[in-house]
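The structure under discussion is shown next.

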Amino acid sequence: MKKLNVRKSLLLLLLTLLIGVLAACGGNNEKSTSTDEKDGEATSGGTLNVGLSANAKTFDPIKYTGVYESQVMRQMGDTLVVYNKDLSDIIPSLATEWNVSEDMLVYTFKLREGVKFQKGQYQDGREMTAEDVKYSLERSAKESAMNRLSGVTEVKVLSDYEVEVHLATPNAALLAMLTDAGNIIIPKEEIEGWGDNFSEHFIGTGPFQLTEWKKDQEVKLVRHENYWGDKPNIDNLTMKFISDQNMMTNALRSGDIDIAMDVKGQNREIINQDSNLELLTNPGLSIVYLDLNNKVGPTADKRVREAIYMATNVEEIISGVNQWGGGDVSYLPLPPGSWGYDKSLVDLVPKYNPEEAKKLLADAGYPDGFKTDIFVSEARVPYATIFQSQLKKNLNIDVEIKVLEWGTYSDTVAKGNAPMNIGGWTWYPDPYFFLYQLFHTNQIGALGNGKGYSNPEVDKLLERAVSETVVQEERAKLYQEALKLILADMPRIELEATQTVAGVNKKVQGFEVSADNSVQIVHPNGTNVSITK
């Protein structure tokens, strides 16, 4: 049975306070936590404005595909369990306790009593029960666009406050899966009542309730007065979609927003130089990669993929994009912060060698190059521009950059219609969320594996890593064996390990940048953001 580790929590608190003191003495503007309360008098109330770097397409848990959508959804809804602040452990949320059967096929959860949904059109803020958990999780298991609860066969209701989650095969990553915003608990009446329009009228158990969604502009939320957790310090939360980095920074400096997510480029330095602002950073669990279509077109040939990789100067791309810091060469399909990362595998990554790349491309039947397209969202254009120049110079491959808004981009890539695309992936320390989601054959047709990669031996290793053991060290070895095979197949080009970054007005108190890039305003891990007078 899972319980909170009080001693560990106290140690983490002491460590956090010590880091805060050292940072204050060191005079470094880059931190991971916003201004301490001693810097200003905390108040209850007011409006907090947060800038997100891309537009949201949907807030339906089974339909969402982007971190930008989950950043909003997490304010409105809750999952059974959540990660703690440093993502090292899973702690209670809507579930208070849980245990796992010896065969790892049944997870039993005791639910928190007295949790109320927000008032909606089809229910009046009633209590959440086990039936809601059954409905929400089975809906996710059957209909999730990203297979966010794969392997769950049934959720059995034992009582109003107890459920069993049954699996087809053992899955050591289930608890981590249940922390995902795609597995938020929602009321059946609202889903069935609104149908396809539920996204515009989202109802959950979270600290804030949706009041208005101006498409392509902003989402307005108000404090949920019957929230089961700590009462939110702020009355209103507005999340604004600002894809242009310069506009985002200008909005932060002018006071139109209080928090700017995903700050990049020279805007990092602009924020550092502003005495009213802070730049918060975290090494992050985020990577950027360049997918090569493994099923159709020239890149279906491994020799072509290898030639393109060898003709790509990744160091030049990453240094060019990150002149002011913010990212490093990733090398592997896992972020360095994952416990499955193995630095020794970096030697398996193809080295930059344009002359050898030309020979490989000629052997594959393209001595004069070819024409192709690369699909990107607006934020990835700088990467694509440098890549485009390199391929033209080194292989005479003409790459046309196609810039799409997020919804169209994710749909195009998921359906396998992108010859090349540049994507980003942010999730949890468990390698399952990077390797299974991005490389398992079952994920073909979802955004993660739109490239169509399939290797039966990789599939077996990824399945064994969650079915044979819960011991992290043993699982890590299986993931590392899978990584060796993936690197040999060269299904994509690894680009960047990205920092999680936010620019914050110093009047904001208690906000931290999380390694998984989630926006935490009120959270069971103890976070409750406020604003000084």
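## Basis

Helices (H or I, at least four residues) and strands (E, at least two) are DSSP runs, numbered from the N terminus. The model is predicted: local features need pLDDT of at least 70, side-chain atom pairs count only at pLDDT 80 or more, and totals for chains, interfaces and linings use all residues. Residues are numbered from 1 along each chain as its sequence is written, and side-chain values use heavy atoms, with hydrogens and water left out.

## Helix α6

Helix α6 spans residues 245–254, and its buried residues are Gln245, Met248, Thr249, Ala251 and Leu252. Here buried means under 20% relative accessible area, exposed over 50% and partly exposed in between (1.4 Å probe, protein chains only). Viewed down the axis of α6, the buried residues fall within an arc of 160°, so they line one face of the helix. That arc is taken over the directions from the helix axis to the C-beta atoms.

The cover over these buried residues includes β3 (47–52), β13 (259–261), α7 (266–272), β14 (277–292) and β19 (492–505), with contact meaning heavy atoms within 4.5 Å.

## Ends of α6

At the N-terminal end, Asp244 caps α6, with a side-chain oxygen 3.1 Å from the backbone nitrogen of Asn246. Gly255 follows α6 and has a positive phi, near 95°.

## Positive phi in two loops

Most residues other than glycine have a negative phi. Asp216 has a positive phi, near 70°, and lies in the loop between β10 (208–214) and β11 (218–223). Asp216 counts as exposed because its relative accessibility is 57%.

Met490 also has a positive phi, near 50°, and sits in the loop between α15 (472–489) and β19. With 7% relative accessibility, Met490 counts as buried.

Methods
Polar contact = N/O pair within 3.5 Å; in protein donor to acceptor, adjacent residues only side chain to side chain.
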